[in-house]
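Here is a short report for a reader new to this structure. Look over the sequence and the model first.

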Amino acid sequence: MKIFIVDCDRTSRSELRNMIEAGNLGIVVGASPRWEEAYVRVQEVGPDVVLADLEFCTPKSMVYIEKVRAVMPETAVVALSQAGHPQTLRQAYEKGVELMIHKPLNEIEVRNVLYNLEMARAMKWLLGKAGRGAGEMEAQNGAPGSQGLRPPIPARRPEGCGEFSRSWEC
């Protein structure tokens, strides 16, 4: 998973990079202290995830989060934030933030958030493949249910097993 970090605090950027690389959580493809520079670089490197600090220049952060989501809808934006104002957090989610990592940074939280994003991306990919596969089968075989996908054949219970038996070995 390719990750880009936007945070004005050099220590936070370094700490995040170290957590990500030491934990094999992804590849940091870039980092920037300012949104103006980050916006251009994010489009160049095409990260899967942007980790963005909400605390600096909050109105500007919201504008750039929305811009990133508009031009790169497949890129997840994760906000880095101290326990801030509920209104700011609500606005961040409305602009396209998917998840939040609280500051001060915690390695377990960073790992869990990135893992959950990776699992969500994998599931989306699988569902997309399954949808394309079903569509191709329908196109080749006619209407669904006619010759294409068929429901699985139910397994039969062995002789002597009651209706409410929990095991096949009755």
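## The β-α-β unit

Strand β1, helix α1 (residues 10–22) and strand β2 make a right-handed β-α-β unit. Right-handed means that, with the strands pointing away from the viewer, the path from the first strand over the helix to the second runs clockwise. β1 (residues 2–6) and β2 (residues 27–32) pair in the parallel sense over five bridges. Pairing requires at least two DSSP bridges between two strands. V6 stands opposite S32 in β2.

The model is predicted: local features need pLDDT of at least 70, side-chain atom pairs count only at pLDDT 80 or more, and totals for chains, interfaces and linings use all residues. Residues are numbered from 1 along each chain as its sequence is written, and side-chain values use heavy atoms, leaving out hydrogens and water.

## S12 in helix α1

S12 lies in helix α1. S12 counts as buried because its relative accessibility is 8% (buried is under 20% relative accessible area, exposed over 50%, partly exposed in between, with a 1.4 Å probe and protein chains only). The side chains of S12 and D9 are joined by a polar contact of 2.9 Å. Such a contact is a pair of N or O atoms within 3.5 Å; within protein, one must be able to donate a hydrogen and the other to accept it, and residues adjacent in sequence count only if both atoms are side-chain atoms.

## The whole chain

The chain has five helices and five strands. These are DSSP runs numbered from the N terminus: helices (H or I) of at least four residues, strands (E) of at least two. From the N terminus on, the order is β-α-β-α-β-α-β-α-β-α. Of the 170 residues, 32% count as buried.

## W125 in helix α5

W125 sits in helix α5 (residues 107–141). W125 is exposed, with a relative accessible area of 51%.
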